[in-house]
Amino acid sequence: EMERVPAALLMAYVPGTKLADARDALTAGTHPTCASVTAANASITLCEDLGRLFLLDMVLGNADRLPCSELGWRGNPGNVLLGAQGSAFAGHVVAIDACVQRRPPAAKLEHEDEAVDRLAQLVLTNPGQRIVMPLLRDQILPGTVHKVVAASLLRTAKAAGASGGESVTIATAGDHRAGAMKSSISCPPRHPDIAAAFQRGMRGALERVVTLKGLLEMMYQRIDEWVTEFIMDMQR
């Protein structure tokens, strides 16, 4: 690949593997005294990371990572990695090949903005099952995550739904008395609500975007001025 391009910019090396190939995404680094701690936490972390990435790509208009038919995104699973154990990105989703897409025609841009705004509001305000779960089940997870991991996440979500929508905690008083937990770490729910985790990730990313809104608008204005001046100079 490098032989066919005149120049390249290396921003950071991310040790890891494609999320679509990471079969052990929910099991790597299991805590020796409570296997469910890592499995449940990994499920939550994975879905929160995907929610943050989904919101980021909505802002950038980047269709080259997560698939979403409502936005016309075909997706590209090769641009979504899982950080390797022992690295700064361990256990987290890492997006690569980030870019701001070329500016489309005004009518198409307006249509895309409306679609993004509508879907974002539905995902952020809906309780989860009617909007978020179909989005995860039918599009994002199958098109991004290893099929074994996706199946595991959906099974836990189904189990949680069968329990009345509440997370199921497997650590009981009897477990503690029997010595199943030999540390102060408490087991989180075995069946995390992946829809809620995805929504939390999106909300967290949205809050951060809002804090950067002024900076982003200033950058856009300055870059637009520079490009306009460049074009005018070229036309003289």
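Colleague: What should I know about the model before we start?
Modeller: It is a predicted model, in which local features need pLDDT of at least 70 and side-chain atom pairs count only at pLDDT 80 or more, while totals for chains, interfaces and linings use all residues. Residues are numbered from 1 along each chain as its sequence is written, and side-chain values use heavy atoms, with hydrogens and water left out.

Colleague: How many helices and strands are there in the chain?
Modeller: The chain has 6 helices and 3 strands. Helices (H or I, at least four residues) and strands (E, at least two) are DSSP runs, numbered from the N terminus.

Colleague: And which pattern does the chain follow along the sequence?
Modeller: The pattern is β-α-β-β-α-α-α-α-α.

Colleague: What share of the chain is made up of buried residues?
Modeller: Of the 236 residues, 32% are buried. Buried means under 20% relative accessible area, exposed means over 50%, and partly exposed lies in between (1.4 Å probe, protein chains only).

Colleague: Which residues have the most contacts inside the largest nonpolar core?
Modeller: They are Leu-46, Leu-50, Phe-54, Met-58, Leu-71 and Phe-198, in a core of 42 residues. Such a core is a set of buried Ala, Val, Leu, Ile, Met, Phe, Trp, Tyr and Cys residues joined through side-chain atoms within 4.5 Å.

Colleague: Which elements supply at least two residues of this core each?
Modeller: They are α1 (35–60), β2 (80–83), α2, α3 (132–144), α4 (147–162) and α6 (194–235). The most comes from α1, which gives 8 residues.

Colleague: Turning to the surface, which residues form the nonpolar patch?
Modeller: Leu-212, Leu-215, Leu-216, Met-218, Met-219, Ile-223, Trp-226, Val-227, Phe-230, Ile-231 and Met-234 form it, with about 1100 Å² of accessible area together. Patches are made of residues with over 30% relative accessible area and no salt bridge; like charges are joined within 9 Å, and nonpolar side chains (Val, Leu, Ile, Met, Phe, Trp, Tyr) within 5 Å. Accessible areas come from the Shrake-Rupley method with a 1.4 Å probe, and for residues only the protein chains shown count as cover.

Colleague: Where is Val-227?
Modeller: Val-227 lies in helix α6. It counts as partly exposed because its relative accessibility is 42%.

Colleague: Which residues form the negative surface patch?
Modeller: Glu-110, Asp-113, Glu-114 and Asp-117 form that patch. Lys and Arg count as positive and Asp and Glu as negative, whereas His and the chain ends are not counted. The place of a charge is taken as NZ of Lys, CZ of Arg, CG of Asp or CD of Glu. Asp-117 belongs to helix α2 (residues 106–125) and is partly exposed, at a relative accessible area of 44%.

Colleague: How many salt bridges does the whole structure hold?
Modeller: The search finds 7 salt bridges, each defined as a side-chain nitrogen of Lys or Arg within 4 Å of a carboxyl oxygen of Asp or Glu. One of them joins Arg-52 and Asp-49 (2.4 Å, N to O). Both residues lie in helix α1, 3 residues apart, about one turn of the helix.

Colleague: What about Arg-222?
Modeller: Arg-222 meets Glu-225 in a salt bridge (3.4 Å, N to O). Arg-222 is partly exposed, with a relative accessible area of 41%, and Glu-225 is partly exposed at 31%.
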